[in-house]
Amino acid sequence: MTVQTPHSFELKPTELRCPCGGSHLPQDHWQFTEGMPADPVDYIDDLVKMGLCKPDALSLATSLAGAEFRKELFLQNISGGNAVRRQFCEELIQEAGGLEAAFAAAFGPHAAEFFGNTMKRGSYSRREFMKRVVVSAALVGMASCATNQESSTTQSSPATGGGGALEKQELTIGFIPITCATPIVMSEPLGFYEKHGLKVTVKKMPNWAAVRDSAIAGELDAYHMLSPMPITITMGLGSAAFPIKLASIENINGQAITIAMKHKDAVKGPADFKGFKIGVPFPFSMHNLLIRYYLAAGGLNPDKDVQIFPVPPPDSVAKMTAGELDAMMMPDPFNQRAVYEKVGFIHMLTKDLWDGHPCCAFAASQQWIDANPNTFRAVNKAIVDAAGYANDAANRQKVAAALIERKYLNQPLPVVEAVLTGKFEDGLGNTQDVPDRIGFDPYPWKSFAKWISSQLVRWDLMPEDKADYDRIANEIFLTDVAAELQKELGQTPPSQVERIETLKYDTFDPQSPTAYVDEQIKKFRV
């Protein structure tokens with residue numbers, strides 16, 4: 001397709017249908033939209049429902065005026081943060097004979113009136129201004145689609161990229177060798193990164209502090225992180241503040257409470273943990289929050305009645321063997337490895353504490369996302385794709401075989417298969433069959449972010465005055481981006497962004513996190 005001017009397009013017969021769905025050309029939109037509701041609020045609502053403009057176009061438009069508005073509306077709305085697309089837009093404007101000519105094509109005879117000083121003189125009412133702003137955003141977007149259909153993938157914000165050329169193809173992603181990292185790790189040997197145009201090296205990291213420090217230092221492109229880490233690092237809890245986005249969930253469930261064999265006949269419930277030395281992978285982990293939740297429900301104070309301290313997952317079985325741990329809440333496969341080595345038994349799967357809880361996540365810094373929006377979208381899409389593959393029980397054995405290599409998990413195949421298939425020995429002489437022992441649902445529910453934040457407050461890991469629950473969930477968890485990618489891949493994400501979470505001892509309403517914490521303290525006295 002060759003662009004001549006915004007008034008003249010050379011189109012193939014199959015290209016005569018406008019991206020809005022109508023059988024007309026984009027430059028006809030100013031006529032097409034005549035007869036729409038006169039009230040600008042209704043007008044905007046109709047345009048959004050029709051898919052003719054994005055809701056955020058209005059916020060951009062109302063913050064700008066005059067020449068600045070004209071320029072940014074074109075360049076930001078069309079480019080979606082993509083430098084190549086932005087350049088194309090600038091060339092289109094030039095070919096049209098300038099910015100005014102381009103807008104004349106979109107607005108028809110009203111262009112001169114609208115883009116003069118009429119707003120200042122008041123000859124256009126505020127309602128008319130809102131109406132024209134939304135029309136302009138819609139028309140410009142339509143023109144861009146029709147003149148460059150090859151690159152007219154789903155428009156998105158600068159933070160998520162627009163599906164254009166990759167800014168970077170060779171990436172390094174840090175990971176901890178646990179089954180929680182399955183989508184990130186398996187995407188290398190099973191070709192998911194390559195499928196999405198990337199060459200990725202996954203780099204094994206020794207512990208979570210190393211992942212955090214490498215992230216802040218810019219030594220990695222993206223990271224396998226515990227799901228609370230993007231929140232705590234962004235807010236500067238335990239480290240320098242460094243904005244991180246949680247792009248997608250790596251795994252749900254997939255952890256366990258494992259107890260040393262010497263306590264085999266002594267532990268029936270949380271009250272029996274009194275005096276124990278308990279290992280967790282990191283202070284800011286679901287493991288730490290969930291073991292505290294469990295112990296408190298049994299009447300124990302996690303800060304007084306037991307000792308909880310961080311242990312790198314790969315060191316956990318050795319420490320239990322040496323008698324340094326009475327119990328641990330660890331990611332797999334180390335719970336199963338403790339059974340395999342006959343040093344511990346599985347007391348409880350974390351799915352029995354909270355079925356569907358998040359554990360690990362794929363994350364990247366805001367700075368890196370801004371610099372590489374298309375690459376970020378591609379790598380996140382590869383991982384969401386891999387998660388969908390790994391979540392199919394029929395693929396679990398193939399995935400397990402890919403993970404056991406020395407450069408990945410470096411574990412015996414029976415150990416990894418036991419975790420992924422859910423058919424396992426528990427160390428107490430029982431063979432269990434729990435197909436959903438671990439799952440790979442990439443959707444980052446915002447209620448996850450709120451529950452995590454509530455427990456950080458409960459255990460004094462986050463100051464209460466920093467607990468802006470809605471802001472944390474909305475700014476750090478990229479739920480909408482993950483949903484878009486799932487749809488593009490043929491997956492079916494939820495239609496809601498948050499839900500009531502059902503745990504073993506209570507339910508969490510994401511609309512009332514402060515009340516939830518207060519009720520927990522009142523109920524369990526800690």
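**A colleague's note on the predicted model**

1. Let's begin with a pair of helices. Helix α19 (residues 396-403) packs against helix α20 (residues 413-421) at an angle of about 140 degrees, and their axes are 9 Å apart. Axes here are lines fitted to C-alpha atoms, for helices over the stretch in contact, and angles run from 0 to 180 degrees between N-to-C directions. Helices (H or I, at least four residues) and strands (E, at least two) are DSSP runs, numbered from the N terminus. α19 and α20 are therefore oblique to each other; angles under 35 degrees count as roughly parallel, over 145 as roughly antiparallel, 65 to 115 as roughly perpendicular and the rest as oblique.

2. A word on the source: this is a predicted model, in which local features need pLDDT of at least 70, side-chain atom pairs count only at pLDDT 80 or more, and totals for chains, interfaces and linings use all residues. Residues are numbered from 1 along each chain as its sequence is written, and side-chain values use heavy atoms, with hydrogens and water left out.

3. Which residues of α19 and α20 make the contact? From α19 come Arg396, Gln397, Val399, Ala400, Ala401 and Leu403, and from α20 come Leu413, Val416, Glu417, Leu420 and Thr421. Contact means heavy atoms within 4.5 Å. These residues divide into 7 nonpolar, 2 polar and 2 charged. For this count, Ala, Val, Leu, Ile, Met, Phe, Trp, Tyr, Cys and Pro are nonpolar, Asp, Glu, Lys and Arg are charged, and the others, Gly among them, are polar.

4. Stay with α20 for a moment. Its buried residues include Val415, Val416, Ala418, Val419 and Leu420, where buried means under 20% relative accessible area, exposed over 50%, and partly exposed in between (1.4 Å probe, protein chains only). Among the elements that cover the buried residues of α20 are α10 (182-186), α16 (334-340), α19, β14 (423-425) and β16 (438-439). Just after α20, glycine 422 takes a positive phi of about 80 degrees.

5. Now the whole chain. It has 24 helices and 18 strands, and 55% of its 526 residues count as buried. Of the contacts with a separation of 6 or more, 73% are between residues 24 or more positions apart.

6. In soluble globular proteins, nonpolar side chains tend to be buried together. Here, the largest nonpolar core has 84 residues, of which Trp208, Tyr223, Met225, Ile231, Phe273, Trp451 and Met462 touch the most other members. A nonpolar core is a set of buried Ala, Val, Leu, Ile, Met, Phe, Trp, Tyr and Cys residues joined through side-chain atoms within 4.5 Å. Helix α14 (residues 286-297) gives the most to this core, with 8 residues. Apart from this core lies another, of 39 residues, among them Leu171, Ala222, Ala364 and Ala386.

7. Two residues to look up together are isoleucine 184 and histidine 224. Isoleucine 184 is found in helix α10 and counts as buried, at 0% relative accessibility. Histidine 224 is in strand β5 (residues 222-226), and is buried as well, with a relative accessible area of 0%. Beyond four places in sequence, histidine 224 touches residues including Ile184, Trp208 and Cys360.

8. Histidine 347 is in strand β12 (residues 344-349). Is this histidine buried or exposed? Histidine 347 is buried, with a relative accessible area of 19%. Leaving out residues up to four places away in sequence, histidine 347 touches Ile257, Thr258, Ile259, Val267, Lys268, Gly269, Phe273 and Tyr294.

9. Finally, some backbone details to check. Most residues other than glycine have a negative phi, and most peptide bonds are trans. Asparagine 410, not a glycine, has a positive phi of about 55 degrees; asparagine 410 sits in the loop between α19 and α20 and is partly exposed, with a relative accessible area of 39%. Arginine 525 also has a positive phi, near 65 degrees, and is exposed, with a relative accessible area of 77%. The peptide bond from aspartate 332 to proline 333 is cis, with omega near 20 degrees, and proline 333 is in the loop between β11 (327-331) and α16.
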